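Let's take a walk through this protein together, from its charged pairs to the spaces inside it. Have the model open and follow along as we go.

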Amino acid sequence: MSNEKTIHNEVGSYISTLLRDHFGKGPTSVFVTVKPPFISIHLRGFLAPTEKILLKQQEHRRVLETRDLLMNQLAADIKLDLWKIGKLEIEDVYADWNLDDQTGMILAVMADKSSAADIEWDSDIHVESIREEVEEASRKAQKTPESTELYWLNNRTLLIERSGIFVEIEKELIRGGFVEELKLVKRPLERRLVLQTRIEAIMKQPILEVFLDWNFITDKGYIVLLLETAKQ
């Protein structure tokens, strides 16, 4: 991998251009964190003129559906271009949006997961307590995950990886081709349940935003918590 700062800058510039070319407007700012095997890309000020019109007409669902369709199409381009930028072999691309705040999160997960074990946890925070809160929220929404892993990406971003989370009715909906409908229903439900946990109290940091996305084929999901203040 080339110089870390250069990678951050190049990825941020690339994502800004990609979104501007396909949505008609790019974000006003992009914050990139590269913590192998994860790359998180937080977007601010991202809302196209046509989307503003749709939101005024209360067409939130239509905007989210369109973004999901476009991101599904752009995933292959993102994988190829991140390889060109920094020899970053990407396996999956996830994305979620906060339309009211005009923010978004793109998460790229590398094919080689071995470096995940090297991500250090903040020793001041009891990781098992957070894991228990996440698993309880997951249980309320569907079932307790078969595995739950937590990763500090930076001093204000917590990544939660859950595997084995779908119940039989969800699997049947996935097989029936109702993935988008399932995603649009699950996001607000799981976001609300996460915000009802004790995670903020445990971490002693308010949660600013919650982003969620899933791989419905591999039965895996990611939650990104963006925290309000950086820990010292």
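A salt bridge here is a side-chain nitrogen of Lys or Arg within 4 Å of a carboxyl oxygen of Asp or Glu. By this rule the model, which is a predicted one, has 18 salt bridges. Side chains of opposite charge can pair when their charged atoms come close. Let's visit a few of these pairs.

Start in helix H3, where Glu65 and Arg61 both lie, 4 residues apart, or about one turn of the helix. Their closest N and O atoms are 3.1 Å apart, and the two form a salt bridge. How open to the surroundings is each partner? Glu65 has a relative accessibility of 26% and so counts as partly exposed, and Arg61 is partly exposed too, with a relative accessible area of 45%.

Now move along to helix H4, which spans residues 127-141 and holds both Arg131 and Glu128. The side chains of these two meet in a salt bridge, at 3.0 Å from N to O. Arg131 and Glu128 are 3 residues apart, again about one turn of the helix. Is Arg131 buried or exposed? Arg131 is buried, because its relative accessible area is 16% and the cut-off for buried is under 20%. Glu128, at 36%, counts as partly exposed.

A further pair sits in helix H5, where Glu168 and Lys171 are 3 residues apart and therefore separated by about one helical turn. Here the closest N and O atoms of the salt bridge are 3.6 Å apart. Glu168 is exposed, with a relative accessible area of 53%, whereas Lys171 is partly exposed at 26%. Beyond such pairs, salt bridges that share partners join Asp68, Asp96, Lys183, Arg187, Arg191 and Asp213 into one network.

While you are at H5, look for Ile169, which lies in this helix of residues 168-175. Ile169 counts as exposed because its relative accessibility is 58%, and the cut-off for exposed is over 50%. Together with Leu173 and Phe178, Ile169 makes a nonpolar surface patch of about 270 Å².

The largest pocket has a volume of about 430 Å³. It is lined by 21 residues, and the closest to its centre are Asn72, Val93, Lys183, Trp214 and Asn215. Which of them gives the most? That is H3, with 6 residues. By class, the lining of the largest pocket divides into 11 nonpolar, 2 polar and 8 charged residues.

The second largest pocket holds about 360 Å³ of space. Among its 18 lining residues, Trp97, Asn98, Leu99, Asp100 and Arg191 are the closest to the centre. The elements that give two or more residues to this second lining are H3, S3, H6 and S7, and the largest share, 5 residues, comes from H6. The lining of the second largest pocket is made up of 9 nonpolar, 2 polar and 7 charged residues.

In the largest cavity, 8 of the lining residues are nonpolar, none is polar and 2 are charged.

The second largest cavity has a volume of about 40 Å³. Among the residues that line this cavity are Val134, Ala137, Arg162, Glu190, Leu193 and Ile223. Helices H4 and H6 each give two or more residues to its lining, with the largest share, 4 residues, coming from H4. The lining of the second largest cavity divides into 7 nonpolar, 2 polar and 2 charged residues.

Technical notes
Residues numbered from 1 in each chain as written. Predicted model: local features only at pLDDT ≥ 70, side-chain atom pairs only at ≥ 80, totals over all residues. Heavy atoms only, no water. 1 Å grid on protein atoms, 1.4 Å probe; cavity = no way out; pocket = protein on both sides within 12 Å on 5 of 7 lines; lining within 4 Å. Points joined across faces, edges and corners; volume = space filled by probe spheres on them. Nonpolar A, V, L, I, M, F, W, Y, C, P; charged D, E, K, R; others polar. Patch = residues over 30% accessible without salt bridge, like charges linked within 9 Å, V, L, I, M, F, W, Y side chains within 5 Å. Areas by Shrake-Rupley, 256 points an atom, 1.4 Å probe, with all protein chains shown as cover. Buried < 20%, exposed > 50% of the residue type's maximum accessible area, 1.4 Å probe, protein only.
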